[in-house]
Amino acid sequence: MKAIKRLIRKLLSLFVRDYVIINGLKWDKENLVVDGKTHFAYKEALQAAASVGKRLPTREEYKALLALSWHWSEADRGIWVANDQLFFPASGCRDYNDGTLRVSGTYGYGWSSTPYDGSNAWFLDFWSTNARTNYSSRRYGFPVRCVQDKNSR
């Protein structure tokens, strides 16, 4: 069954792009899901992106993306960026103390590859009235949005 699913995904990828090109990067259209997992601590996020041959965006790449344009969508519960080319859902975060999913539908996050210091890292941070980069503990579970250089396969 897994082999059939892989074949179907491969065939679909020939006809449907799962990315958009913005600022010279291929941005995945969806957050990364690995074995049903949707939120990752920082180190796990780096490893998860690498496991699919991609990487996390840098803080500067997130800032450049937001500088193009962004707006909150109440109907979709998240933000559209770069003239509505790419959507980020407000999928909340996992608390590092007890693993509880918090603020889903209200706040959205996404790890960047840029460390802040030994225990914190930069991430995309947004809600209905603001979108920015911020830093926090690497122990939080945030979603992962992968990127690749435009010319990569």
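I begin with aspartate 95, which counts as buried at 15% relative accessibility; buried means under 20% relative accessible area, exposed over 50% and partly exposed in between, with a 1.4 Å probe and protein chains only. Before going further, I note that this is a predicted model, in which local features need pLDDT of at least 70, side-chain atom pairs count only at pLDDT 80 or more, and totals for chains, interfaces and linings use all residues. Residues are numbered from 1 along each chain as its sequence is written, and side-chain values use heavy atoms, with hydrogens and water left out.

What does aspartate 95 meet in a salt bridge? Its partner is arginine 102, at 3.2 Å from N to O; a salt bridge here is a side-chain nitrogen of Lys or Arg within 4 Å of a carboxyl oxygen of Asp or Glu. Arginine 102 is partly exposed, with a relative accessible area of 36%.

By this rule, the count of salt bridges comes to nine. One of them joins arginine 55 to aspartate 149, with the closest N and O atoms 3.6 Å apart. Arginine 55 lies in the loop between helix H2 (42–51) and helix H3 (59–68), and aspartate 149 in strand E11, so the pair ties together parts that are 94 residues apart in sequence. Helices (H or I, at least four residues) and strands (E, at least two) are DSSP runs, numbered from the N terminus. Arginine 55 is partly exposed, at 26% relative accessible area, and aspartate 149 is also partly exposed, at 47%. Together with Glu61, these two residues are linked in a network of salt bridges.

Within helix H3, glutamate 60 and lysine 63 lie three residues apart, about one turn of the helix. Their side chains meet in a salt bridge of 3.7 Å, N to O. Lysine 63 is partly exposed, with a relative accessible area of 36%.

Arginine 145 is buried yet has no salt bridge. How far away is the nearest side chain of opposite charge? That side chain, glutamate 30, is 5.9 Å away, where Lys and Arg count as positive and Asp and Glu as negative, His and the chain ends not being counted.

Thank you; I welcome your questions.
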